[in-house]
Amino acid sequence: MVVAEEIRCSHCGAPVEFTPGEIIATCKYCGFTTVVETGQVFNFEHSLLLNMYDETQIETPIKEWMRSGFLKPSDLAKKSKITEKSLIYLPFWVISIEAKSAYKGIFERITPSIVKEGTIEKEYNWLVLAREAAEFPTREYNVPLEGKIPYYFRKIESFARVLNSEIDRDEAVELTKQQIEAHHRFLLQQDVDKIVEMKTDFNMKQAVYLHAPIWFIKYDYRGTSYQLLIDGATGTVVKGEIPQKGFGIF
Ligand SMILES: [Zn+2]
């Protein structure tokens with residue numbers, strides 16, 4: 001088990017818990033955010049998305065999800081039992097950045113093949129989960145940024161957990177650049193069959209540190225446990241495990 005360590009909140013003096021690897025920690029008594037290593041104030045914008053559901057209300061989007069979609073067993077909503085409902089505020093970096101990739105490649109789908117040059121230019125609010133080991137489908141999560149407010153600890157429910165960041169801003173920007181470049185290479189596959197060269201220039205706009213409410217749901221269906229991740233701001237199912245269909249007769 002990982003043992004939590006403590007620093008003192010430089011704003012209110014309360015103990016701020018962190019586990020090894022966490023580098024940005026938020027005080028649960030006053031909401032003040034500190035860089036663990038230096039004990040200094042965290043200088044970037046810290047935002048929060050509000051959770052709109054309590055433990056009873058969250059069952060509505062769960063049941064709706066279970067009842068919709070032809071891939072699911074028809075008795076899923078009726079026969080499944082929700083066994084766990086945890087609200088966790090996950091830390092993200094939202095990197096606002098412009099990216100322009102100039103490329104040269106070969107188009108081989110016609111004969112003779114031709115050399116193609118061009119650019120891909122796009123603006124992103126790129127999402128990076130600020131945890132090293134956690135698995136979260138960031139690309140499937142359409143983060144509702146319009147709802148963000150400045151981080152306010154009184155809005156955090158007492159039953160919820162808030163996870164600290166294990167990734168600092170520079171690392172998040174670096175990851176963003178790598179992921180965008182990979183994304184552009186993927187997009188290029190429509191245009192060229194072989195990439196000869198590609199160079200991407202970035203124009204960094206803003207980095208926001210954000211806590212977003214995610215419900216971790218477990219449910220049982222015919223003896224097996226499945227997991228759901230739900231965006232607590234909108235009730236959207238970010239990811240859901242669906243039981244195999246086909247044993248309905250029994
Ligand atoms: Zn404090």
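Visitor: Is Cys9 buried or exposed?
Guide: The relative accessibility of Cys9 is 3%. Buried means under 20% relative accessible area, exposed over 50% and partly exposed in between (1.4 Å probe, protein chains only). So Cys9 counts as buried.

Visitor: What pLDDT do local features need in this predicted model?
Guide: Residues are numbered from 1 along each chain as its sequence is written, and side-chain values use heavy atoms, leaving out hydrogens and water. The model is predicted: totals for chains, interfaces and linings use all residues, side-chain atom pairs count only at pLDDT 80 or more, and local features need pLDDT of at least 70.

Visitor: Which residues coordinate the zinc ion?
Guide: Donors are N, O and S atoms within 2.8 Å of the metal (3.2 Å for Na, K and Ca); water is not among the atoms, so sites may look incomplete. Here the donor atoms are SG atoms, at 2.3 to 2.4 Å. In sequence the donor residues are spaced C-x2-C-x14-C-x2-C. They are Cys9, Cys12, Cys27 and Cys30.

Visitor: What is the geometry of the zinc site?
Guide: Four donors count as tetrahedral if all angles lie between 85 and 135 degrees. Around the zinc ion, the angles among the four donor atoms are 104 to 113°. The site is tetrahedral.

Visitor: Is Cys12 buried, partly exposed or exposed?
Guide: Cys12 is another donor residue of the zinc ion. Its relative accessibility is 39%. So Cys12 counts as partly exposed.

Visitor: How many bridges join E7 to E11?
Guide: Strands (E, at least two residues) and helices (H or I, at least four) are DSSP runs, numbered from the N terminus. Two strands pair if DSSP finds at least two bridges between them. E7 and E11 run antiparallel. The number of bridges joining them is 25.

Visitor: How many residues make the hairpin that joins E7 to E8?
Guide: E7 and E8 (residues 114–129) pair in the antiparallel sense over 16 bridges. The hairpin between the strands runs through six residues.

Visitor: How many residues apart are Trp93 and Tyr209?
Guide: Rings of Phe, Tyr and Trp (its six-membered ring) pair if their centres lie within 6.5 Å; planes under 30 degrees apart count as stacked, over 60 as edge-to-face and the rest as tilted. The whole structure holds 13 aromatic pairs. Trp93 and Tyr209 form a tilted one, 5.3 Å centre to centre with 40° between the planes. It links strand E7 to strand E11, across 116 residues.

Visitor: Is Trp93 buried or exposed?
Guide: Trp93 belongs to a cluster of ring pairs with Phe42, Phe44 and Tyr209. Its relative accessible area is 0%. So Trp93 is buried.

Terms used: Tetrahedral: all angles 85-135°; square planar, octahedral: opposite > 155°, others 65-115°.
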